Amino acid sequence: MRTVIVGASSGLGRCLAIGLGKRGASVALLARRREKLEDAAREAGTDAIAIGCDVTDEAGCREAISEAAGRLGGIDALVYATGIGPLARLTELDAATWRNAFDTNVIGASLVTAAALPHLEASRGTAAYLTSVSASETPPWPGLGAYIVSKAALNKLVDAWRNEHPTVGFTRVIVGECAGGEGDAMTGLSAGWDPELASALFPTWVGRQYMTGDLMDVDDLIRAVETVLRCGASAGIPSIIVAPRKVSST
Ligand SMILES: NC(=O)c1ccc[n+]([C@@H]2O[C@H](COP(=O)([O-])OP(=O)(O)OC[C@H]3O[C@@H](n4cnc5c(N)ncnc54)[C@H](OP(=O)(O)O)[C@@H]3O)[C@@H](O)[C@H]2O)c1
């Protein structure tokens, strides 16, 4: 399975790239931080490749996907794990932060998909996009507006791609809380958060049971994503939820 993983330098994308590589997929790892990518590629297997890609750069997306397809000899599967989750109350969210969230979480996903589409059509392959329980299964978590609204848009984007291109599988992978692994494999999503604001919001997230402290095992995510990708377009799985527990909907 010739697989491109975008957002593979840290966290869940890195775990997926290494996990899929170890399970026999030929993987191309894409993200901006080259050193971390190369390090992850070494763990993913001897034929794994690292390619620099900033998803907010349209031409860069095309070049990176073209290089990945050339070096893998085609693309059977695409995983979009790229994501940023800025923490700010809605009154404090400036236009640049909104734009960056949409550029990274939504528009980048579409640009990468457009570049990969001819290869996915040729292989009747599958594309899977990591989205969040907070965008569909729970009410919006206070402080994560830009993240949640952009992930909700990503959910629709996946449906839009499926409706325009039915010969390719397009799947939303709705993820619950997951720490990832150790070191660079640990989630970096909260790395830039203001600790004071995070401490102020945390009791609300816990009190409303959006957060329970239960963490999903990253190996379960890897197995679930692998199943979706290996099923291919003919199975047509529109979405799966991989979460540690029943998520609160109140
Ligand atoms: N961890 C969780 O509990 C959880 C829960 C639900 C959903 N998710 C979703 O899972 C995905 C991975 O999250 P994570 O927790 O593993 O976060 P993470 O460790 O911060 O990983 C984010 C990845 O996105 C890449 N990225 C960010 N901006 C980029 C850009 N402009 N161009 C290319 N790559 C970019 C980063 O690489 P570079 O900085 O090197 O470019 C990194 O590889 C996200 O989509 C997130 O929404 C995570």
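**Loops, sheet and cores in a predicted model**

Me: Where does Arg-124 lie?
Reply: Arg-124 sits in the loop between α4 and β5. The structure is a predicted model.

Me: Why does Arg-124 count as partly exposed?
Reply: Arg-124 has 13 C-beta neighbours inside 10 Å. A buried residue needs 20 or more and an exposed one has 12 or fewer, so with 13 Arg-124 is partly exposed.

Me: What is the phi of Arg-124?
Reply: The phi of Arg-124 is positive, about 50°, although the residue is not a glycine. Most residues other than glycine have a negative phi.

Me: What makes Gln-209 partly exposed?
Reply: For Gln-209 the count is 14 other C-beta atoms within 10 Å. That value falls between the limits of 12 and 20, so Gln-209 is partly exposed. Gln-209 belongs to the loop between α6 (195-207) and α7 (218-235), and its phi is near 65°, a positive value in a residue other than glycine.

Me: Why are β3 and β7 said to stand at the edges?
Reply: The open sheet has 7 strands in the order β3-β2-β1-β4-β5-β6-β7, with parallel pairing. β3 (49-52) and β7 (239-242) each have a single partner strand, so one side of each has no neighbour in the sheet. From one strand to the next the twist averages 20°.

Me: How do you know that β6 and β7 pair?
Reply: Pairing requires at least two bridges, and 4 bridges join β6 (residues 169-175) to β7, so the two strands count as a pair. They run parallel, and Val-175 stands opposite Val-242 in β7.

Me: Which strands does helix α3 lie across?
Reply: Helix α3 (residues 58-72) lies across β1 (2-6), β2 (26-31) and β3, at about 165° to β2. Helix α5 (residues 145-164) also packs on the sheet, where it touches β5 and β6 and makes about 160° with the direction of β5.

Me: Which residues have the most contacts inside the largest nonpolar core?
Reply: They are Ile-5, Val-6, Leu-29 and Leu-30, in a core of 69 residues. Helix α4 (residues 95-123) gives the most to this core, with 8 residues. A second, separate core has 9 residues, among them Trp-141 and Tyr-210.

Me: What is Leu-30 in contact with, leaving aside neighbours within four places in sequence?
Reply: The contacts of Leu-30 include Val-4, Ile-5, Val-6, Ile-51 and Cys-53.

Me: What makes up the shell around the ligand, by class?
Reply: The shell has 11 nonpolar, 13 polar and 4 charged residues. Of the 28 residues around the ligand, Gly-11, Arg-32, Gly-83, Thr-187 and Gly-188 come nearest. α1 gives the most to the shell, with 3 residues.

Terms used:
Residues numbered from 1 in each chain as written. Predicted model: local features only at pLDDT ≥ 70, side-chain atom pairs only at ≥ 80, totals over all residues. Core = buried A, V, L, I, M, F, W, Y, C linked by C-beta atoms within 7 Å. Contact = placed C-beta atoms within 7 Å. Near = placed C-beta within 6 Å. Nonpolar A, V, L, I, M, F, W, Y, C, P; charged D, E, K, R; others polar. Axes fitted to C-alpha atoms, helices over the stretch in contact; angles between N-to-C directions.
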